[in-house]
Amino acid sequence: MGKRRGERELLRNLSKKQKKHLREFGEEHPFYDKVSGRPEATQVCELSENSDKSSAESDSETEVEQVSVYHKLLATLKTSPESESEEEDDESESEEDGESEAEMDSEGSQETGEADGGEEDKNDVPEQKEDVVSTDTAEQTLGQEQADGADTSCDPSHEVIEEFTDVKHESEFSLETNFMEEESGDCNADKRDSNSSQAFSEDPFKQHMDKEFEEKEIEKMSTLPKTSSQSKWPRLGQLTFSSALEKHKTLKADKEVDVKQLYLHKPLESTWPKVNKQFLSSVNKPSDPTFTPLQRELFCIMNTYRDLFYPERNALTNGEEIRHAYCLHALNHILKANAQVLSNNAKRRDQKPGTDNDDYRDQGLTRPKVLMIVPFRECALRIVHIFISLLEVNDKKKIDVSNKKRFKGEFGSDPEEKPPNLKRPEDYEAVFAGNIDDHFRIGVAILQKSMRLYAPFYSSDIIIASPLGMRTIIGAEGEKKRDFDFLSSIEVLIIDQADIYLMQNWEHVLHLMKHINLLPLDPHGVDFSRVRMLNLNNWSKYYRQTLLFSALQDPQINSIFNKHCFNYMGRVAVRNVPLNGSISHVVVQLPHVFRRLEAENLTSVIETRFQFFINKVLPEYRDAIMSHTLIYVPSYFDYVRLRNYFKKEDLNFTHICEYTKKAGVCRARRFFLKGEKQFLLFTERFHFYKRYMIKGIRNLIFYELPTYSHFYSEICNMMKATDNGVDATWTCTVLYSKYDAQKLAAVVGIDRAAQMLQSKKDVHLFVTGENE
């Protein structure tokens with residue numbers, strides 16, 4: 001009893017910050033260690049022969065004793081009823097201060113709200129501030145913190161993944177010291193393929209990488225405008241082909257594809273139909289047992305090494321189909337490139353000494369050839385599993401995967417971690433399935449019979465990473481520890497689920513694109529006699545294929561495709577227009593008022609929208625009759641600006657954003673439901689990561705059209721959860737400009753959006769049930 005009472009007394013003496021640090025790290029912060037002001041006297045002693053052993057033992061004993069004390073204290077902190085009640089009181093008292101700190105100071109370890117009642121999610125969700133330019137002082141501060149890499153998903157555990165690399169299997173996976181006959185059991189078949197000049201010359205990989213240009217042609221590609229043409233395919237729909245070269249052929253969709261005509265590497269011809277069988281149940285005819293219609297058309301474009309932008313990826317329907325298709329293309333590219341290197345190794349070994357041959361230029365300045373950008377660890381886990389399945393010819397011939405157990409532990413997830421009674425939309429469950437940590441990077445080296453996970457980047461063939469994982473290793477200008485030389489010879493760049501990066505931190509994607517395909521600062525042991533001339537001439541970006549997949553069309557995503565893709569083969573973009581907008585899925589009877597604001601240019605939209613809102617829209621809702629008004633704000637910086645204005649004007653409001661703590665979210669929802677607060681400021685990113693049901697909405701204002709069109713109907717349909725509301729008093733107001741054409745078309749449909757943009761007047765729509 002006395003010991004437990006002493007622990008409680010020690011706990012009471014700790015401040016709130018000390019308790020928080022103790023909960024998170026299991027020990028007190030070194031800052032609070034008691035240090036005597038008097039200098040310690042120097043003591044000289046003689047060491048015995050076995051002093052090393054005894055000192056080591058004593059140190060270990062002391063360390064164990066210290067850890068046990070802190071663990072006991074930590075256990076008391078977690079189990080003591082008194083401490084729990086104290087924590088709740090402290091949290092409610094300091095909630096406002098903590099929330100403002102999280103918003104304005106961008107605490108990197110801050111997690112968003114946890115459980116609320118039985119409804120709210122306990123899963124940690126990564127969030128970052130978005131990339132928006134503004135003149136507001138608070139926004140400038142936030143932007144500077146964002147540039148410094150402040151991300152809410154960072155925690156101490158992230159540092160572990162960048163430390164571990166597999167150096168044990170370096171020689172086994174080295175391209176310089178291995179040969180074809182050692183790497184492949186089917187050596188003769190590979191040699192026959194390489195000796196067949198016709199098959200080799202028709203291979204898209206060989207055609208693309210062996211294409212030679214003069215410097216004048218490269219200058220033309222970078223300066224001349226691109227010519228474009230339109231085509232309509234059965235499954236992809238409307239396609240736009242563009243190229244800087246005068247002579248470019250428009251592809252035609254193949255109704256049926258013969259696997260042998262795709263020039264797949266030997267193992268993939270037999271493994272692909274088995275791996276892809278799950279998607280072919282009742283979709284395809286027996287004459288095409290390898291691809292779904294979507295996969296066939298996508299792979300037809302990928303295999304020609306054209307850049308591709310597909311903005312209709314859906315995590316519920318076609319997400320896994322697309323993942324399998326680009327994994328097949330990436331693995332096919334790696335196996336062909338490595339087979340060429342190993343074959344040339346054997347030829348060089350057999351040639352006479354002293355003979356110089358320029359025919360063996362088959363490598364880049366660094367080894368990594370494929371970079372795959374995905375948002376969460378779960379995506380990387382699925383990609384690696386697809387690679388393993390594609391490399392295993394049959395159940396008897398299992399490939400050797402190094403560090404597989406460690407990989408599953410770090411990238412896998414525990415199904416029991418998810419709350420059992422959590423109810424969320426199906427698309428939310430599909431996007432946030434598994435391990436949703438967004439800070440990771442891993443190198444993968446592949447030879448035909450084995451795979452090496454956690455390979456050092458300069459010994460990797462494929463790098464799988466998140467934008468944040470890339471950002472932390474690339475670093476910023478002026479930092480001592482930064483590296484991006486491994487990106488110098490990337491030949492295939494795959495960016496999947498690009499729309500999610502808009503909800504994380506788009507600045508990381510832009511930062512990556514600025515550092516890809518640059519000349520390396522160090523040689524990194526490269527044999528320059530084997531380096532292709534295109535890499536030596538710094539023309540790598542003109543040969544890089546970029547595959548961009550997204551769930552929506554957005555100006556920022558379009559900018560990546562238009563300004564950072566220089567492939568000489570040209571670009572293909574899917575440009576289908578939405579016939580029916582998401583407004584058709586609104587199930588409540590609700591009048592929709594679309595109010596147009598006029599901005600002189602794109603840079604002035606932010607200021608114009610703010611002035612339009614505070615001068616024309618907000619005065620209509622200041623009356624107490626217009627209570628229960630939710631203001632949906634997609635941009636975090638706009639949210640901060642509105643919140644500061646509401647405080648300055650002393651308006652009766654509350655607010656919820658992605659950095660609001662659990663107690664703040666509960667309090668704001670309760671105040672808004674009971675009508676104690678007239679306005680609720682609500683950010684889009686909070687809705688994206690949490691999808692809470694906000695009850696009590698009677699008036700709805702979209703400060704800007706939502707990034708995801710289905711969020712419009714979701715927010716509107718929250719009104720049906722209001723039991724005491726009267727249908728006739730419900731209102732919905734939307735602010736838009738001519739620069740929101742894509743978002744407007746996704747909400748109201750392309751035909752009505754065209755009319756609204758031409759009329760330049762406010763538009764009133766009324767939706768009854770699910771029909772307009």
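Is Asn318 buried or exposed, and at what relative accessibility?

Modeller: The model is a predicted one, and the answer should be read accordingly. Asn318 has a relative accessibility of 6%; because the cut-off for a buried residue is under 20%, Asn318 counts as buried. As to its place in the chain, Asn318 lies in the loop that links β3 (307–310) to α15 (319–350). When neighbours within four places in sequence are set aside, the contacts of Asn318 are Leu294, Tyr310, Glu312 and Arg313.

A disulfide is a covalent bond joining the sulfur atoms of two cysteines. With a limit of 2.5 Å between cysteine sulfur atoms, the count of disulfides is zero.

Helix α21 (residues 506–514) packs with helix α23 (residues 555–563) at an angle of about 5 degrees, and their axes are 12 Å apart. Since angles under 35 degrees count as roughly parallel, α21 is roughly parallel to α23. On the α21 side the contact is made by Trp506, Val509, Leu510 and Met513, and on the α23 side by Gln556, Ile557 and Ile560. By class, the residues of this contact comprise six nonpolar, one polar and no charged.

Methods: Residues are numbered from 1 along each chain as its sequence is written. This is a predicted model: local features need pLDDT of at least 70, side-chain atom pairs count only at pLDDT 80 or more; totals for chains, interfaces and linings use all residues. Side-chain values use heavy atoms; hydrogens and water are left out. Axes are lines fitted to C-alpha atoms, for helices over the stretch in contact, and angles run from 0 to 180 degrees between N-to-C directions. Helices (H or I, at least four residues) and strands (E, at least two) are DSSP runs, numbered from the N terminus. Angles under 35 degrees count as roughly parallel, over 145 as roughly antiparallel, 65 to 115 as roughly perpendicular and the rest as oblique. Contact means heavy atoms within 4.5 Å. Ala, Val, Leu, Ile, Met, Phe, Trp, Tyr, Cys and Pro count as nonpolar, Asp, Glu, Lys and Arg as charged, and the others, Gly among them, as polar. Buried means under 20% relative accessible area, exposed over 50%, partly exposed in between (1.4 Å probe, protein chains only).
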